[in-house]
Amino acid sequence: MDTSSREHDLVIYGATGFVGRLIAAYVAEHAPAGMRVGLAGRSTSRLEAVRSQLPAAAHGWALIEADSEDADSIAALAANTRVLFTTVGPYAKHGLPVIEGCARAGTHYADLAGEVSFIREAIDRYDALARTTGARIVHSCGYDSVPSDLAVLLLHQAAEADGAGGLAEVQLVARARAGISGGTLESMRGQLDAMRSSTALRSLVADPYALSPDRTREPTTPQPPDAGPVRRSADGTWTAPFIMASFNTRIVRRSNALQDWAYGRALQYGEVMGVAPGPAGAVLARALTFGLRAFTGAMAFPPTRKVLDRFLPAPGAGPSISMQREGWFHSQVTARTEDGRRYQAIAAGPGDPGYAATAVMAGETALALALDADRLPTAKGSLTPATALGSVLIERLRAAGHTYQVTKLA
């Protein structure tokens, strides 16, 4: 579908939210002159307030009133832009009408979703339609799950170039200095509530291939547990369960399947959190494991959740500017191939991973969709960062100061 005559090149929907403001600021600083950008949300006055605080390049941007509960406003929004990036969550509550509008209009769409059930439903409802209209529907374009997805893509490319066979055993060790926002917690609450009332949803979330394009064709390769025991790695570092493993791994496996299992049908992919070496590392890893399980359990149980909510950020709130600047992320991904060769990829960057660094990932995703159409992979429909943007996004993130590198170990 030809979208070249549309009024906007890019619209950021949810620009008045915590992360939406960060992404808008990033785009204002990095979009080329003349790019037609709009800010969308439920309140024009709030949009005006956000725009007034952005760099001067944004002061002429359009303001668009739209609400996910008003289908006509979302349809009009999608029909008037070439690319729409949405931060309006929880996505399970607000996201599907936006995807439908973009899929029908042939508009490229991207989000920050970290909700397995939402993405599964979006795939089932709108993947075929989006492929027909030529829309790219790209989920999880922030810390969920760009570093994981692109690092494994790099490993695959390196192994393929060397003729080393498919990837067999791959593990990501995540380290980060990070905060949390009220919006992220609200999404977590929504998914926990839905899982508590639905056996089918609990089974879906537990399925390692929950986001497969064709579950019947998936291999029977056993996958690492999402929340395994505390372990000591080969370099002496103790590891604990990584809170994002149960989501990121599904995205990586979907990327593999969308490429006809190009990474390898024997791929075993897992993620853990790196803690520290030595006896102190062992103690801390066990404490973090207990704390994570206790927090998740408390959030899933309404009475204890009410107590926690007194101390947690409310929707719209998040880490301070100083905390965002002091944050960082570092993902080390090691791989063994089918013929026994070993590789290591690093995905890393400055800034709080869920906010400052995510604004970079999201902003570059939006710019790539709007400006690099002739260089992107040809795939359409419901995609992942690796399958929709691939090496183009890697190049952009490197230029933005993030690290994406791969090394042959043996």
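**Terms and the values behind them**

Author: Gladly, and one caution comes before the rest: this is a predicted model, and the values below are computed from it.

Reader: What makes S8 and S9 count as paired strands?

Author: Two strands pair if at least two bridges are found between them, and S8 and strand S9 (residues 237–241) have two bridges in the antiparallel sense, so the pair meets the rule. Within this pair, Arg231 stands opposite Thr239 in S9.

Reader: Which strands make up the open sheet, and in what order?

Author: The open sheet has seven strands in the order S8-S9-S10-S7-S11-S12-S14, and the pairing is mixed.

Reader: Why are S8 and S14 said to stand at the edges?

Author: Strand S8 (231–232) and strand S14 (403–408) each have a single partner strand, so one side of each is left without a neighbour in the sheet.

Reader: Which residues of S11 are on its covered face, and which on its uncovered face?

Author: The covered face has Phe329, Ser331, Val333, Ala335 and Thr337, whereas Trp328, His330, Gln332, Thr334 and Arg336 are on the uncovered one.

Reader: What lines the second largest pocket, and how much space lies in it?

Author: About 810 Å³ of space lies in the second largest pocket, and of the 33 residues that line it, the closest to its centre are Gln171, Val173, Ser233, Val272 and Thr334. Strand S7 (167–177), S8, S9, strand S10 (268–277), strand S11 (328–337) and strand S12 (342–350) are the elements that give two or more residues to this lining, with the largest share, five residues, coming from S7. By class, the lining has 14 nonpolar, ten polar and nine charged residues.

Reader: How many cavities are counted, and what makes a space a cavity and not a pocket?

Author: A cavity is a set of points where a 1.4 Å probe fits but cannot get out, whereas a pocket is an open set. The count comes to one cavity of 30 Å³ or more, and the largest cavity has a volume of about 50 Å³, which passes that limit. Its lining consists of Tyr209, Glu218, Pro219, Gln223, Arg253, Asn256, Trp261, Gly264, Arg265 and Leu267, and these divide into four nonpolar, three polar and three charged residues.

Reader: What makes the phi values of Asp260 and Trp261 worth a remark?

Author: Most residues other than glycine have a negative phi. Asp260, however, has a positive phi near 60 degrees, and Trp261 has a positive phi of about 55 degrees although it is not a glycine.

Reader: Which peptide bonds are called cis, and where do they lie?

Author: Most peptide bonds are trans, but the bond from Gly89 to Pro90 is cis, with omega near 0 degrees, and so is the one from Asp144 to Ser145, again with omega near 0 degrees. Pro90 lies in the loop between strand S4 (81–86) and helix H4 (91–94), and Ser145 in the loop between strand S6 (136–138) and helix H7 (146–162).

Reader: What is in the largest nonpolar core?

Author: The largest nonpolar core has 105 residues, and those with the most contacts inside it are Tyr13, Ile23, Leu77, Phe85, Leu150, Leu167 and Val170. Helix H14 (residues 356–371) gives the largest share of this core, ten residues. Apart from this core lies another, of five residues, among them Trp238, Val275, Ala282 and Ala285.

How values were computed:
Residues are numbered from 1 along each chain as its sequence is written. This is a predicted model: local features need pLDDT of at least 70, side-chain atom pairs count only at pLDDT 80 or more; totals for chains, interfaces and linings use all residues. Side-chain values use heavy atoms; hydrogens and water are left out. Helices (H or I, at least four residues) and strands (E, at least two) are DSSP runs, numbered from the N terminus. On a 1 Å grid over the protein atoms alone, a cavity is a set of points where a 1.4 Å probe fits but cannot get out, and a pocket is an open set with protein on both sides within 12 Å along at least five of seven lines; lining residues have an atom within 4 Å of a point. Grid points are joined across faces, edges and corners, and a volume is the space filled by probe spheres set on the points. Ala, Val, Leu, Ile, Met, Phe, Trp, Tyr, Cys and Pro count as nonpolar, Asp, Glu, Lys and Arg as charged, and the others, Gly among them, as polar. Buried means under 20% relative accessible area, exposed over 50%, partly exposed in between (1.4 Å probe, protein chains only). A nonpolar core is a set of buried Ala, Val, Leu, Ile, Met, Phe, Trp, Tyr and Cys residues joined through side-chain atoms within 4.5 Å.
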